[in-house]
Amino acid sequence: MGFILELWTFLRIRKKFWLLPIIVMMAVFGGLIVLSQGSAVAPFLYTIF
């Protein structure tokens with residue numbers, strides 16, 4: 001949790017808010033990859049792509 005707080009502080013101080021959508025999309029795709037690794041949700045994820 002400390003990493004997220006430190007990242008938010010960096011984005012706020014350096015005025016790099018344009019990086020936020022990139023980071024969010026990387027987290028979403030990372031979550032999809034984790035869910036697709038042998039879970040019951042995997043067949044539903046394959047139909048999306």
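Trainee: Where does Lys15 lie?
Mentor: Lys15 lies in the loop between helix H1 (2–14) and H2. Helices here are DSSP runs of H or I with at least four residues, strands are runs of E with at least two, and both are numbered from the N terminus. This is a predicted model: local features need pLDDT of at least 70, side-chain atom pairs count only at pLDDT 80 or more, and totals for chains, interfaces and linings use all residues. Residues are numbered from 1 along each chain as its sequence is written, and side-chain values use heavy atoms, with hydrogens and water left out.

Trainee: What is phi of Lys15 near?
Mentor: Phi is near 55 degrees, a positive value in a residue other than glycine. Most residues other than glycine have a negative phi.

Trainee: Is Lys15 buried or exposed?
Mentor: Lys15 is exposed, because its relative accessible area is 62%. The cut-offs are under 20% for buried, over 50% for exposed and partly exposed in between, with a 1.4 Å probe and protein chains only.

Trainee: How far apart are the end C-alpha atoms of H1?
Mentor: They are 18 Å apart, and this agrees with the 18 Å that its 13 residues should span at 1.5 Å a residue. The expected span is 1.5 Å times one less than the number of residues.

Trainee: New topic. How many helices and strands are in the chain?
Mentor: The chain has 3 helices and 0 strands. Along the sequence the pattern reads α-α-α. Of its 49 residues, 8% count as buried.

Trainee: Which residues make the nonpolar surface patch?
Mentor: Trp8, Phe17, Leu20, Val24 and Val28 make it, and it covers about 420 Å². Patch residues have over 30% relative accessible area and no salt bridge; like charges are joined within 9 Å, nonpolar side chains (Val, Leu, Ile, Met, Phe, Trp, Tyr) within 5 Å. A salt bridge is a side-chain nitrogen of Lys or Arg within 4 Å of a carboxyl oxygen of Asp or Glu. Areas come from the Shrake-Rupley method with a 1.4 Å probe; for residues, only the protein chains shown count as cover.

Trainee: Which helix gives the largest share of the patch?
Mentor: Helix H2 (residues 20–35), with 3 residues. Val28 is found in H2, and Val28 is partly exposed at 42%.

Trainee: How many aromatic pairs are there?
Mentor: The whole structure has 1. The ring centres of Trp8 and Phe17 are 6.0 Å apart and their planes are at 50 degrees, so the pair is tilted. Ring centres (six-membered ring for Trp) of Phe, Tyr and Trp must lie within 6.5 Å; planes under 30 degrees apart are stacked, over 60 edge-to-face, the rest tilted.
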